[in-house]
Amino acid sequence: MSFYIICTIFTASIIICAISGYNIIYALLIGLILFIYDGYEKGFRGRDFLKMFKSGINFAKNLIIIFLLIGILTGLWRESGTIQYLVLQGTKWINVRYFYFWAFILTAIMSIITGSCMGTASTIGVVIAIMAKAFQMNPIISGGALLSGIMVGDRMSPVSSSAQLVAKLSDTKVSNNLPRMLKTSIIPTLITAMIFALIIGNDVPQKGVDIISNLQASHQISHYSLLPALTIIVLAIFKLDSIKLLSISSIISAAIALIIKKVRLTELIKVMTFGYNSGEEALKILNGGGIYGMRVMIITVLISAFYFGIFEKTKFMDPFKKKINKLQISIGHFPALIIVSIILSMITCTQTLSVMMAGNLIKDTYKNKNLMAIDFENSVIVIPAIIPWNITAGIAIEIFNVPKISIVMNLFCLILPIYYFLTRTRYKKILNSSK
């Protein structure tokens with residue numbers, strides 16, 4: 001079966017699932033069957049595919065661990081009262097008329113501190129998402145503001161793993177790339193903040209007042225509940241990675257639940273596995289979290305990890321590489337990279353894999369590696385966050401419990417590539433003169 005037939009069938013299955021509302025996993029499984037069949041035609045057999053799967057799992061194991069920890073943490077933060085405490089404090093300090101602006105700003109600050117969109121989404125992001133529900137804010141706009149905010153630091157934090165990956169692929173240094181990332185993102189960030197500031201939030205409805213009153217009356221609220229959140233911020237300053245951050249915060253949350261809240265161990269295990277349930281109709285917006293809630297994301301990562309192993313051994317993407325070279329000649333490096341980023345983000349379903357494959361496909365065509373780094377930061381790093389089934393957007397949508405259409409309000413990730421495309425000539429001249 002030819003490369004083009006496989007791509008056509010796979011693309012059609014993704015489009016059908018996206019339009020019909022079927023889980024994208026069905027399309028990914030169809031793609032997996034097609035890619036295995038292609039490998040079989042090239043002479044690979046069962047043992048070879050097992051090695052490919054093992055290679056893919058080795059690549060994705062940290063991501064799977066992070067998803068498991070996010071499920072555990074988001075359940076434990078609810079059980080220990082951390083989310084309830086932060087929601088109450090947020091209602092005192094955040095002006096609801098500028099709710100969308102603050103949703104963007106606060107998550108942007110947290111993402112710069114942690115360097116992780118997933119870490120930010122599972123901590124302050126889920127708190128603001130619950131506040132949005134309590135205040136009955138527009139879920140599409142609030143979801144877009146949160147998605148925009150978590151991607152600011154994921155792209156340009158000094159401790160961001162994606163910044164480290166781009167530097168490694170382009171043979172550059174993060175310390176040299178950061179000032180350039182900042183320069184190209186100041187205007188898009190300000191425009192994004194301005195738009196969300198202009199979208200006025202509604203007044204707190206009676207239902208929101210009732211929820212706040214119920215939280216204040218809850219026995220789960222104590223100052224100890226703030227410790228897991230403070231731990232995340234303090235340890236992030238010391239540049240601990242996401243796995244350590246999430247693990248330590250989870251341990252502290254569990255200790256608070258067991259020792260101070262007197263929660264039974266069996267109940268705590270249930271919360272970590274299946275999520276938190278308030279048991280009260282008035283506080284059902286707090287329900288959520290748990291490993292079980294991450295099951296779709298984990299399955300998606302496992303399938304995309306297998307893709308990585310297959311593509312690496314079967315050289316499936318080689319014909320695509322030739323097409324990219326022609327595309328770069330006809331429309332330019334950055335427009336071609338945008339197209340490649342969209343395709344890879346749709347197929348691979350993970351930001352990391354999209355970046356790595358884009359690097360393998362395009363790296364040799366760049367003479368200026370500094371230009372390659374900033375091109376990647378303004379395309380393949382942020383574009384996965386506007387593809388609803390890509391893990392980068394999908395995990396946030398799942399945690400925030402907002403509609404997938406929220407990606408249309410992910411303004412930062414939409415404005416940044418456009419702004420950079422319009423101003424790239426200036427940056428290209430500066431970088432070429434500094435070679």
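A crossing of two helices is called right-handed if the near helix is turned clockwise from the far one by less than a right angle, and left-handed if anticlockwise. In this predicted model, helix α6 passes helix α19 in a right-handed crossing. The contact is made by Cys117, Met118, Ala121, Ser122, Gly125, Val126, Ala129 and Lys133 on the α6 side, and by Ile391, Thr392, Ile395, Ala396, Ile399 and Phe400 on the α19 side. By class, these comprise 10 nonpolar, three polar and one charged residues. The axes of α6, residues 117–134, and α19, residues 391–400, come within 8 Å and cross at roughly 35 degrees.

The chain as a whole contains 20 helices and zero strands. Its C-alpha trace spans about 65 × 50 × 40 Å along the principal axes. A compact globule of 435 residues would have a radius of gyration near 22 Å, and the chain agrees with this because its own value is 22 Å. Of contacts between residues at least 6 apart in sequence, 80% join residues at least 24 apart.

Buried residues account for 54% of the chain. In soluble globular proteins, nonpolar side chains tend to be buried together. The largest nonpolar core here has 133 residues. Those with the most contacts inside this core are Phe67, Phe99, Met118, Tyr307, Phe311 and Phe400; Met118 and Phe400 also take part in the contact between α6 and α19. Beyond its neighbours within four places in sequence, Tyr307 is in contact with Phe10, Ala27, Leu28, Gly31, Leu32, Phe35 and Ile347. A second, separate core has six residues, among them Ile72, Ala254, Ala257 and Val263.

Definitions and conventions:
Residues numbered from 1 in each chain as written. Predicted model: local features only at pLDDT ≥ 70, side-chain atom pairs only at ≥ 80, totals over all residues. Heavy atoms only, no water. Axes fitted to C-alpha atoms, helices over the stretch in contact; angles between N-to-C directions. Helix = DSSP H or I, 4+ residues; strand = E, 2+ residues; numbered from the N terminus. Contact = heavy atoms within 4.5 Å. Nonpolar A, V, L, I, M, F, W, Y, C, P; charged D, E, K, R; others polar. Core = buried A, V, L, I, M, F, W, Y, C linked by side-chain atoms within 4.5 Å. Buried < 20%, exposed > 50% of the residue type's maximum accessible area, 1.4 Å probe, protein only. Rg over C-alpha atoms; globule rule 2.2 N^0.38 Å.
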